[in-house]
Amino acid sequence: MECRSECGACCTAPSISSPIPGMPQGKPAGVPCVQLLPDMRCAIFASPERPAVCAGFLPEASVCGQSRADALRIIGWLESETLAVVSA
C-alpha cells in the first residue's frame, strides 16, 4: 500500500517522543508535526533528520482505513490503547 495523497494522519494522530526539527521535545498526539506541508507531505521525508519512528511507519490498510478520517480515528485509537497498556 502507498500513502494516500493529502492525508498526513500519521504525522498528526500519534505522539512522537523523539526530537523532530522544529519540535525538539517531539510532539503530542493530535498535534500536526511542524514538518507537515500544506499538501500533507513530510518536508523532511528523505532527510536523515527524520525520526526513526517516522521512517519505520509503513502504510497498511488496517491502520490507514479508507480515508484520512479513518486513519486519524484508527491511529488515535491505537495511540490511546498503547498509552493505556504502558500506564497499567
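## Salt bridges

A search of the whole structure turns up two salt bridges. The model is predicted. In general, side chains of opposite charge can pair when their charged atoms come close.

One of the bridges joins the side chains of Arg41 and Asp39, with 2.6 Å from N to O. Asp39 is partly exposed, at 30% relative accessibility. Another joins the side chains of Asp70 and Arg73, with 3.6 Å from N to O. Asp70 and Arg73 are three residues apart in helix α3, so about one helical turn separates them. How exposed is each partner? Asp70 is partly exposed, with a relative accessible area of 21%. Arg73 is exposed, with a relative accessible area of 54%.

## A buried charge without a partner

Glu79 also belongs to helix α3, which covers residues 68-87. Is Glu79 buried or exposed? Glu79 is buried, yet has no salt bridge. Which side chain of opposite charge is nearest to Glu79? That is Lys27, 7.5 Å away.

What does Glu79 touch, then, beyond its neighbours within four places in sequence? Its contacts are Ala13, Pro14, Ser15 and Ala29.

## The nonpolar cores

In soluble globular proteins, nonpolar side chains tend to be buried together. Here the largest nonpolar core has seven residues. They are Cys11, Ile16, Ile20, Met23, Cys33, Leu36 and Ile44. A second, separate core has six residues, among them Cys7, Ala13, Val63 and Ile75. Ala13, from this second core, is one of the residues in contact with Glu79.

Ile16 lies in the segment before α1. Its relative accessible area is 7%, so Ile16 is buried. Setting aside neighbours within four places in sequence, Ile16 is in contact with Gln25, Gly26, Lys27, Val53 and Cys54. Ile16 and Val31 are 15 residues apart in sequence, and their C-alpha atoms are 10.0 Å apart in space.

Ile44 lies in the segment before α1 too. Ile44 is buried, with a relative accessible area of 10%. Which residues does Ile44 touch, not counting those up to four places away in sequence? They are Ile20, Pro21, Gln35, Glu49, Arg50 and Pro51. Ile20 is itself a member of the largest core. Ile44 and Ile74 are 30 residues apart along the chain, and 24 Å separates their C-alpha atoms.

## The largest pocket

How much space lies in the largest pocket? The volume is about 850 Å³. The lining has 36 residues. Closest to the centre are Cys10, Cys11, Arg50, Cys54 and Phe57.

Several of these residues have come up already. Cys11 belongs to the largest nonpolar core.

Which elements give two or more residues to the lining? They are α1 (52-55), α2 (61-64) and α3. The most comes from α3, with five residues. That helix also holds Glu79, as well as the pair Asp70 and Arg73.

## Ser62 in helix α2

Ser62 is found in helix α2. Ser62 is exposed, with a relative accessible area of 52%. Ser62 and Ala29 are 33 residues apart in sequence, and 19 Å apart in space from C-alpha to C-alpha. Ala29 is one of the residues that Glu79 touches.

## Positive phi angles

Most residues other than glycine have a negative phi. Glu6 has a positive phi, near 55°, and is not a glycine. Glu6 is found in the segment before α1. At 57% relative accessibility, Glu6 is exposed.

Met40 is not a glycine either, and has a positive phi of about 70°. Met40 lies in the segment before α1. Met40 is partly exposed, with a relative accessible area of 27%.

Key. Residues are numbered from 1 along each chain as its sequence is written. This is a predicted model: local features need pLDDT of at least 70, side-chain atom pairs count only at pLDDT 80 or more; totals for chains, interfaces and linings use all residues. Side-chain values use heavy atoms; hydrogens and water are left out. Helices (H or I, at least four residues) and strands (E, at least two) are DSSP runs, numbered from the N terminus. Buried means under 20% relative accessible area, exposed over 50%, partly exposed in between (1.4 Å probe, protein chains only). Lys and Arg count as positive and Asp and Glu as negative; His and the chain ends are not counted. A salt bridge is a side-chain nitrogen of Lys or Arg within 4 Å of a carboxyl oxygen of Asp or Glu. Contact means heavy atoms within 4.5 Å. A nonpolar core is a set of buried Ala, Val, Leu, Ile, Met, Phe, Trp, Tyr and Cys residues joined through side-chain atoms within 4.5 Å. On a 1 Å grid over the protein atoms alone, a cavity is a set of points where a 1.4 Å probe fits but cannot get out, and a pocket is an open set with protein on both sides within 12 Å along at least five of seven lines; lining residues have an atom within 4 Å of a point. Grid points are joined across faces, edges and corners, and a volume is the space filled by probe spheres set on the points.
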